[in-house]
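Work through the following exercises with the sequence and the 3D view side by side. Try each task before reading its solution.

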Amino acid sequence: VTSNLEQGREAASLRTSVAAGRKWLFQGDNDDLGRDLRDNGFRSALEVLVALWICDQVLLGRASPEIHRHARRISAIMANRKGEIVRVLLRCDAALVVVACGILRAVDSRSDVLEEFCREIADGLRLAEQRRDAATEAPVYLTMILLHSLGHLPDPGSFRLEPAREGPPDRPLQQLLADDPTIQQHLDSISALTQLGDRPAPNPGPTLGLVPTLLPIWMSHSFRTFKLDLGASILRAILYLEDADPRVIRNGTGAILGHQQSDGEFSCPPGLEEPIGVRRKPSIGTQLLCLWTLAECLNPGFRLARSVRV
Amino acid sequence: MTSLLQSGDRALDWVAGNLAAFDPLGGPVSQPSEFRIIALGELALLSRTLHRHRPNDHRLERCFSLLAATWERREYTDWLLHRPFLLPVYLATWAALRDEQGRQPNVHAAIQAVLADGYPILSEQWPSQRLELRYRLDALGIPHHLPSYRRLYMETALSKPLPTRLISDSDSYCITHAIFYLMDPFFPHEDVIPRSHIRRIRDIVGELLGLSILEGNLDLVIELLICCHYLRWLPRHLVDAGVETVLEAQLPNGRIPPLRESASGDNAVSAQRPDTFSSDFHPTLLWAETSLLLSEWDVPS
């Protein structure tokens with residue numbers, strides 16, 4: 001799929017889009033890391049770091065001067081404001097923190113604060129694993145895989161998807177009508193089974209049931225209902241499964257490209273309930289998700305998880 | 001399967017109980033109702049299909065009686081001369097009477113006059129409408145100068161890899177109807193669609209079926225279920241989900257609303273809503289046919 005894309009004008013469109021999305025990361029307040037650490041400021045700084053890394057890897061094949069500069073600023077802020085930053089990190093998605101830690105290493109801006117934080121996450125997970133008799137949940141497993149990539153944990157082995165414990169499996173209609181959190185759980189499972197697209201899903205048919213066949217429907221429905229984050233995440237999950245249909249991939253990338261504004265931001269039109277003329281607050285998380293998905297569609301050799309491995 | 005057949009039977013009961021509403025000349029004025037002419041055409045299509053499976057069903061006999069009686073009325077046949085764009089509907093009705101009742105209706109002259117005038121062929125139409133016109137003329141052996149099926153197919157949305165997320169309801173109906181005309185088991189033109197297109201068409205039909213279920217568009221759900229049957233393709237989970245969606249939405253009197261009102265969270269709304277023939281006749285007619293087709297597949301219900 002992606003090698004075909006690489007050859008054509010679709011690849012050129014994706015490349016242009018990623019470049020514009022990267023440029024947007026530097027605009028306005030997003031570049032001012034120290035402005036507001038109480039809210040999402042520092043988390044956004046980490047998201048910008050990851051997004052920049054992704055763009056640099058697929059556009060340049062190396063780390064740019066901009067990401068070096070950004071990484072140095074992040075390391076400096078963490079060193080100077082450790083207590084405050086740790087409180088922010090505690091509210092962040094663990095996988096984001098671990099990936100950021102790996103990127104800082106890769107650009108020679110290793111942060112002792114972040115390394116220590118990751119070690120503590122690893123210790124906590126190790127203890128929890130010793131006490132636990134149930135299978136690991138997918139998001140936790142993904143964090144373990146990333147920590148293993150950085151050498152903080154031993155190889156957790158393959159992900160084991162637990163079948164539903166009680167009752168018969170849902171009927172097809174119930175499965176199709178899954179709500180967003182349930183769909184997100186399926187996406188997490190696919191990410192865990194494939195280690196974020198780094199390896200083929202082991203025998204995905206029986207393991208995932210109807211989910212692979214429902215993904216294209218959920219993706220189109222997400223884009224039709226202006227759920228850009230969910231649609232982009234579903235597209236990435238489709239990419240991680242084998243035999244992805246190029247038509248489906250084009251359907252998804254077309255939707256993401258269609259939601260890119262002239263300044264490079266990926267965003268849906270304002271909701272109907274919002275007053276005319278009021279622009280919603282830019283979401284760096286949405287920008288990161290869209291760039292991540294487009295990058296992995298564009299470049300078959302790039303997988304975020306693989307790119308930060310030591 | 002039993003409840004699927006029972007459900008279709010209830011839908012046919014509703015149709016038979018509302019035949020008066022299909023009569024184009026049943027209104028207070030002598031001028032035929034265009035809407036009812038179209039509804040009568042849909043009734044003809046259903047009667048034709050069901051009659052082959054249920055030749056002795058008294059409800060279908062009543063449908064054919066209405067069709068035949070209407071064809072005898074000058075007000076009805078002459079109306080075609082004033083509204084030539086209705087030609088495919090008249091052709092469908094004629095075909096049902098000819099094929100299932102052995103009748104030779106007297107409207108042939110009006111049809112020839114409309115064709116000689118050229119309006120139905122020369123006027124601007126959606127590609128799927130031109131495909132329908134050719135399909136209906138060919139089914140009756142009426143000569144014409146329309147392009148080949150392959151050429152007409154290549155103009156339709158069905159032949160193109162449309163992004164599923166953007167396909168509107170209107171485009172969805174163009175797709176389902178093109179499948180009806182090209183893959184009708186009674187009058188198939190399977191060689192028209194390149195083999196390499198078939199998989200894509202099936203995938204798009206499957207995705208549209210899933211989207212229609214999610215969006216509660218029962219009318220499209222039923223049309224797409226028929227498409228699966230015509231494409232000889234059984235995406236079991238989606239067909240099961242579609243059937244369950246329709247069965248859940250069907251009202252006790254057999255009527256199928258076009259949209260799943262329970263999607264808004266209130267099942268009681270549908271039950272209390274007064275019969276709205278104009279919106280409900282189409283999905284109900286279609287379901288009477290579809291349930292029978294699906295029961296041949298042994299789809300559980």
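**Exercise 1. The contact between the chains**

How many residues does the contact take from chain B, and how many from chain A?

Solution. Before counting, note that this is a predicted model, in which local features need pLDDT of at least 70 and side-chain atom pairs count only at pLDDT 80 or more, while totals for chains, interfaces and linings use all residues. Residues are numbered from 1 along each chain as its sequence is written, chains are lettered from A and ligands numbered from 1 in the order in which they are written, and side-chain values use heavy atoms, with hydrogens and water left out.

Step one is the count: with contact meaning heavy atoms within 4.5 Å, chain B contributes 21 residues and chain A contributes 22 residues. Step two is the area, since the size of an interface is often given as the accessible area lost when the parts come together. Buried area is the accessible area (1.4 Å probe) that two parts lose on being put together, summed over both, and for chain B and chain A this comes to about 1900 Å², with 60% of it on carbon and sulfur atoms. Step three asks who supplies it: B:R165, B:L214 and B:H237 provide 38% of the area that chain B buries against chain A, more than any other three residues.

**Exercise 2. Charges and helices at the interface**

Find how many salt bridges cross the interface of chain B and chain A, and which helices of chain B take part in its side of the contact.

Solution. A salt bridge is a side-chain nitrogen of Lys or Arg within 4 Å of a carboxyl oxygen of Asp or Glu, and by this rule three of them cross the interface of chain B and chain A. One pairs A:R171 with B:E244, whose closest N and O atoms are 2.4 Å apart.

Next come the helices, which are DSSP runs (H or I, at least four residues; strands are E, at least two), numbered from the N terminus. In chain B, α11 (195-215) and α13 (236-249) each supply at least two residues of the side that touches chain A, and α11(B) gives the most, with 10 residues.

**Exercise 3. Helix α11 of chain B**

Is α11(B) largely enclosed or largely open?

Solution. Residues are called buried under 20% relative accessible area, exposed over 50% and partly exposed in between (1.4 Å probe, protein chains only). Of the 21 residues of α11(B), 15 are buried, so the helix is largely enclosed by the rest of the structure. Its reach from first C-alpha to last is 31 Å, close to the 30 Å expected at 1.5 Å a residue, where the expected span is 1.5 Å times one less than the number of residues. Within α11 of chain B, B:R199 and B:D203 are four residues apart, about one turn of the helix, and their side chains meet in a salt bridge of 3.5 Å, N to O. B:R199 itself is exposed, at a relative accessible area of 57%. Just after the helix, B:G216 takes a positive phi of about 70 degrees.

**Exercise 4. A salt bridge across the sequence**

Which parts of chain A does the pair A:D180 and A:K227 tie together?

Solution. The two side chains meet in a salt bridge of 3.1 Å, N to O. A:D180 lies in helix α10 (residues 180-193) and A:K227 in the loop between α12 (211-224) and α13 (228-240) of chain A, so the pair ties together parts that are 47 residues apart in sequence. A:D180 is partly exposed at 32% relative accessible area, and A:K227 is partly exposed at 31%.
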